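I opened the notebook to record what I looked up, one topic at a time. The entries follow the order in which I went through the model.

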Amino acid sequence: MKVYQISAVTLMVKYMEKSCNFYSQIPGFKLEYGGTPADTFTTFKIGNSSDTHLNLELRNKNNDDNTNLDNLKTRIDFGRIIFHTDDVDGLYSYLKNDNNILKLISFENQPKDALWGERFFHIRDPDGYQLSFAKPIRET
C-alpha cells in the first residue's frame with residue numbers, strides 16, 4: 001500500500017468570478033464543475049490526465065475576519081503550487097501580454113533557470129496564492 005499521486009489541491013478564494021476568470025485562461029486548465037460567480041466550489045482539470053485537479057472553494061465570510069484579500073498584493077504564505085508546462089517562456093509571454101489576466105495577477109519574476117534543474121517563473125493569483133510554472137531542464 002502506498003500513496004502515489006496528488007489528486008487535487010483546493011484553494012480558498014474570496015471572489016469566485018475573478019479566480020475562475022484567471023484559471024480558465026491558463027492553457028491546459030479545463031473547467032469541469034462550477035465556474036459561475038454564484039458557485040461555492042469549482043473544479044478545473046489540469047492537462048490531459050483526468051487525475052489532476054485544482055479546486056476553488058469560496059471563502060466563508062465568517063472565516064475572513066482577519067484576512068484582507070481585496071488587495072492583489074496580499075501574500076498568502078501557504079507554500080506554492082508548482083505546475084509543469086512544456087514552454088515556460090511562451091506561457092510567461094502569454095500571461096504577460098493579456099490585459100485581462102494582468103488585471104488579476106502579479107508577477108514575482110521573469111523566467112529563469114534554477115540551480116535545481118528547472119526553468120520557472122512565479123506569479124500571485126487573484127487571492128495572493130503563489131503559483132510556479134516550471135519545466136525541467138535537460139542537461140546536454
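**Entry 1: helix α2**

Which residues of α2 are buried? I worked with a predicted model, and in it I found V88, L91, Y92 and L95 of α2 buried. I then looked down the axis of α2: the buried residues fall within an arc of 100 degrees, so they line one face of the helix. I also looked up what covers these residues, and the list includes α3 (99-102), β6 (106-107), β8 and β9. At the start of α2, I noted a side-chain oxygen of D87 within 3.4 Å of the backbone nitrogen of D89.

**Entry 2: the whole chain**

I listed three helices and nine strands. Along the sequence I read the pattern β-α-β-β-β-β-α-α-β-β-β-β. Of the 140 residues, 41% are buried. I took the contacts with a separation of 6 or more and found that 51% of them join residues 24 or more positions apart.

**Entry 3: helix α1**

In α1, the residues M16, S19, C20, F22 and Y23 are buried. Seen down the axis of α1, they fall within an arc of 160 degrees, so they too line one face of their helix.

In soluble globular proteins, nonpolar side chains tend to be buried together. I looked for such a group here. The largest nonpolar core has 27 residues, and F22, Y23, L56 and F121 touch the most other members. Among the elements that each supply at least two residues of this core are β1 (8-13), α1 (16-23), β4 (53-58) and α2 (88-96).

For F22, I left aside neighbours within four places in sequence and found contacts with I101, L104, I105, I123, D125, P126 and L131.

L56 sits in strand β4. Its relative accessibility is 0%, and the limit for buried is under 20%, so L56 counts as buried. With neighbours within four places again left aside, the contacts of L56 include M16, S19, C20 and Y23. L11, V13 and F44 are also among the residues that L56 contacts. I checked one distance too: L56 and D39 are 17 residues apart in sequence and 9.7 Å apart in space, C-alpha to C-alpha.

**Entry 4: two residues of β8**

Is R124 buried or exposed? R124 lies in strand β8, and its relative accessible area of 5% makes it buried. I found a polar contact of 2.5 Å between the side chains of R124 and E108.

H122 also lies in strand β8. At 12% relative accessibility, H122 counts as buried. Its side chain is joined to that of S132 by a polar contact of 3.4 Å. Leaving aside neighbours within four places, I listed R80, F107, E108, N109, Q130, L131 and S132 as the residues in contact with H122.

**Entry 5: the largest pocket**

Rolling a probe the size of a water molecule over the atoms shows where empty space is left. What is the volume of the largest pocket? I noted about 260 Å³. The pocket is lined by 14 residues, and P27, G28, H84, T85 and D86 lie nearest its centre. The largest share of the lining, three residues, comes from β5.

How values were computed:
Residues are numbered from 1 along each chain as its sequence is written. This is a predicted model: local features need pLDDT of at least 70, side-chain atom pairs count only at pLDDT 80 or more; totals for chains, interfaces and linings use all residues. Side-chain values use heavy atoms; hydrogens and water are left out. A nonpolar core is a set of buried Ala, Val, Leu, Ile, Met, Phe, Trp, Tyr and Cys residues joined through side-chain atoms within 4.5 Å. Buried means under 20% relative accessible area, exposed over 50%, partly exposed in between (1.4 Å probe, protein chains only). Helices (H or I, at least four residues) and strands (E, at least two) are DSSP runs, numbered from the N terminus. Contact means heavy atoms within 4.5 Å. The arc is that of the directions from the helix axis to the C-beta atoms. A polar contact is a pair of N or O atoms within 3.5 Å; within protein, one must be able to donate a hydrogen and the other to accept it, and residues adjacent in sequence count only if both atoms are side-chain atoms. On a 1 Å grid over the protein atoms alone, a cavity is a set of points where a 1.4 Å probe fits but cannot get out, and a pocket is an open set with protein on both sides within 12 Å along at least five of seven lines; lining residues have an atom within 4 Å of a point. Grid points are joined across faces, edges and corners, and a volume is the space filled by probe spheres set on the points.
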